[in-house]
Amino acid sequence: MGQEVKFNVNDGVAVITINNPPVNALNAAVRQGLVTAFDDAEANDDVKAIVMFAEGRTFPAGADITEFGKPTVDPWLPDVCNRVEATCKPVVAAVHGTVLGGGFELALAAHYRIADPMTTFGLPEVTLGILPGAGGTQRVPRICGAEAALDLMIAKAPISAAKAVDLGLIDGVSRAHVRDAALDFAHELIGKPNALRPTRERTEGLSDPVGYARAVAAKRQALAGNPLFAPAKIVDCVEAAMLLPFEGGLAFEQAAFEDCLRSDQSAALRHVFFAERKAAKAPEVARAKPRPVEIVGIVGGGTMGSGIAASFLDAGFGVVLVDRDQPMLDTALARIESVFDKAVRKGSITAQMLDERMARLTGDIHYFAVSEADLVIECVIEDMSVKEQVFATLDAVIKPGAILATNTSYLDINTLAAGVAHPENVLGLHFFSPAHVMRLVEVVVGEATEADVVATGFTLAKKLGKIPVRSGVADGFIGNSILAAYRTAADFMLEDGASPYQVDATMRAFGFPMGPYQVLDLAGLDISWARRKRLKSTRDPEMRYIAIGDKMCQKGWLGQKAGRGYYTYADGSRLGVEDPEVLGLIAAERERKGITPRAFGPEEILYRCLSAMVNEGANLVLNKIAQRPSDIDVAMIHGYGFPRWRGGPMKAAELSGLLSLRNQLREFAKEDKFWTPSPLFDEVIKAGHGFDTLNAV
Ligand code: T1G
């Protein structure tokens with residue numbers, strides 16, 4: 001028996017302890033250790049009952065996800081669970097922490113479960129594009145019925161110990177140390193008739209077949225049109241639990257599990273699980289200690305500044321907000337309070353918590369107010385000269401060692417840093433709107449930025465519950481560079497014959513909440529117009545230039561804020577209506593350039609948009625702006641609505657084949673050099689591997 005599973009006997013009760021940090025994932029060594037331990041406990045006459053426990057912060061949080069996609073090593077988890085359940089001595093699981101997936105299924109294979117009060121339980125497999133494949137879809141409904149079981153497996157929100165007791169999924173909560181409580185519980189079972197209680201034989205949840213079938217039908221109805229593969233499979237399995245004998249249901253579940261595991265959706269979702277965790281690993285984080293931050297200064301209380309302030313207040317920091325004059329400051333403070341008001345109405349915080357947050361917020365119109373701040377974030381308009389002025393003013397008041405950050409979406413951090421006394425303390429912290437909701441933060445590292453400053457940026461982002469992604473300095477960093485390439489590809493198609501509404505519909509069908517032209521209208525066409533003007537002097541004259549956006553801006557069609565952009569918005573509504581005048585403007589541009597429009601199908605529109613994203617992404621990795629391709633996936637999913645179950649642009653490309661993509665880009669490049677394939681494609685193709693290998697850094 002390896003170190004992962006230990007076995008000792010305590011006064012007639014065998015205690016089988018799992019120890020596989022950090023989350024006791026049920027990898028092959030743990031599974032083998034468990035089977036051996038249960039065999040030993042069963043064969044040992046001194047053993048009258050068994051307690052299963054885990055060291056560390058949690059009872060197993062699931063199967064080992066890193067093993068998926070590789071050949072299965074026996075015993076596989078469903079077999080381990082069946083072994084535990086079949087034990088001829090009462091088995092009590094002592095659980096704590098986050099009891100998830102296969103860990104919960106293992107506990108459900110025990111005859112009884114005792115939990116620490118803070119324990120949470122969940123079957124989140126659907127977030128990985130799979131389903132509970134170790135008997136969960138058969139054992140859970142036997143205890144708590146179809147509706148609760150489907151909620152657990154599809155709603156994926158973990159439940160509390162108290163809720164688990166209500167559902168009959170656990171037998172008790174103990175304030176004493178859970179292992180000791182389970183030992184006492186096991187001792188009481190010794191010698192009791194009918195102490196064995198295999199979950200497969202429980203029927204409480206199956207006692208109302210009509211209600212059961214109704215719950216299954218209702219969930220199936222609710223999932224109609226849902227593009228995800230696994231949820232529908234889960235419904236089939238839970239239905240099977242009522243229709244088939246236990247072993248038949250297990251076999252049904254196993255087949256459905258393997259179907260899910262083989263799917264691209266699951267490969268994509270598992271990729272994102274690890275990509276999110278990897279994104280938080282920047283070289284600076286590994287080698288430097290973050291600086292202490294208690295008070296955060298924010299300059300500029302507009303939409304971004306007030307959202308960022310709310311995030312820091314939510315996370316327990318003191319915030320000093322500076323704005324140009326009293327009326328603007330009052331508006332900003334009111335905007336922050338309204339964020340919390342909404343949270344109180346939604347029930348996510350109490351009125352008392354609102355007061356506590358607002359008590360940590362001070363506002364001022366003088367820069368001197370941030371002289372005690374550990375970090376100051378500039379959130380003023382996206383204009384270099386204004387930002388340089390703000391930085392210069394801040395530089396005169398901030399305390400030694402304070403970090404100076406900018407929330408710029410595009411501008412050159414190195415230029416801003418060059419204007420202050422300590423460029424090594426300058427960092428980009430690029431939040432996304434609404435900043436108190438969106439999880440992505442691009443941590444932009446300048447040439448001079450100190451490692452501990454970067455480490456501070458990453459640590460803060462995690463404290464805010466955000467997902468930090470490291471970016472080098474480039475116009476638009478990672479996300480906006482990809483967005484610009486995506487839009488360029490879309491604009492080319494507009495001039496060649498497609499309509500913006502066709503492009504938007506295609507990208508929504510792919511899984512984006514909005515198409516690129518809806519996003520442009522929301523953000524304002526003038527933002528990207530300003531970028532085009534800023535880059536005019538460095539633009540490659542040989543590359544095709546689309547002036548449709550410029551023409552719309554010159555007409556004042558700036559988007560929602562102007563009542564019209566690519567769509568029209570009557571009376572401030574946020575729902576856009578297609579606008580024939582826009583189609584007219586595009587047709588005039590084609591005529592001006594002598595372009596005969598052609599038809600575009602959804603496949604080609606999608607392919608060109610994705611190819612442009614991936615090609616730009618490959619160049620960002622090549623130029624070391626992005627550390628790894630998976631960081632780009634994380635940025636596009638958490639900042640730009642790229643559908644999570646597609647894995648992000650780089651993973652989607654990997655799944656559909658890099659060679660064919662590179663070859664198609666070569667074809668497109670005959671139309672315009674914008675499509676020139678990134679040299680990274682040749683590198684990875686020649687090396688015989690894909691982007692995944694580059695994600696290992
Ligand atoms: N397998 C492998 N590694 C895992 C893992 C797992 N199940 N869970 C976490 N890790 C790694 C993670 O990559 C990170 O590594 C470290 O542990 C800490 O995690 C048959 C098929 C438990 C709530 O979906 O939700 O069971 O980055 O940074 O924020 O039905 O991890 O340090 O190298 O996330 O405190 C079902 C997944 C699996 C739960 C802790 N289980 N894990 O969160 O730490 S499928 C899950 C989580 C299954 C069966 C099926 C969270 C957490 P590294 P962390 P955290």
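Tutor: A patch, as the word is used here, is made of residues with over 30% relative accessible area and no salt bridge, and nonpolar side chains are joined into one when they lie within 5 Å. Please keep in mind that the model we are looking at is a predicted one.

Student: Which residues form a nonpolar patch on the surface?

Tutor: One member, Leu244, has its place in the loop between helix 8 (230-243) and helix 9 (246-262). With about 280 Å² of accessible area together, the residues of the patch are Leu243, Leu244 and Phe252.

Student: Is Thr456 buried or exposed?

Tutor: Thr456 is found in helix 17 (residues 451-463), and, leaving aside residues up to four places away in sequence, Thr456 touches Pro290, Arg291, Val293 and Ile403. The side chain of Thr456 also reaches the backbone oxygen of Asp452 at 2.5 Å. Since buried means under 20% relative accessible area, and Thr456 has 2% relative accessibility, Thr456 counts as buried.

Student: Which element gives the largest share of the shell around the ligand?

Tutor: Let us begin with individual atoms: a polar side-chain atom of Glu125 lies 2.8 Å from an oxygen atom of the ligand, and an N or O atom in the side chain of Arg277 is 2.7 Å from an oxygen atom of the ligand. The elements that give two or more residues to the shell are strand 5 (98-100), helix 3 (102-109) and helix 10 (264-279). The largest share, three residues, comes from helix 10.

Student: How many residues apart are Arg470 and Glu284, which form a salt bridge?

Tutor: Side chains of opposite charge can pair when their charged atoms come close. In the salt bridge between Arg470 and Glu284, the closest N and O atoms are 2.6 Å apart. The pair links distant parts of the chain, with Arg470 in strand 17 (residues 467-471) and Glu284 in helix 11 (residues 283-287), and the separation is 186 residues.

Notes: Residues numbered from 1 in each chain as written. Predicted model: local features only at pLDDT ≥ 70, side-chain atom pairs only at ≥ 80, totals over all residues. Heavy atoms only, no water. Helix = DSSP H or I, 4+ residues; strand = E, 2+ residues; numbered from the N terminus. Buried < 20%, exposed > 50% of the residue type's maximum accessible area, 1.4 Å probe, protein only. Polar contact = N/O pair within 3.5 Å; in protein donor to acceptor, adjacent residues only side chain to side chain. Contact = heavy atoms within 4.5 Å. Patch = residues over 30% accessible without salt bridge, like charges linked within 9 Å, V, L, I, M, F, W, Y side chains within 5 Å. Areas by Shrake-Rupley, 256 points an atom, 1.4 Å probe, with all protein chains shown as cover. Salt bridge = Lys/Arg side-chain N within 4 Å of Asp/Glu carboxyl O.
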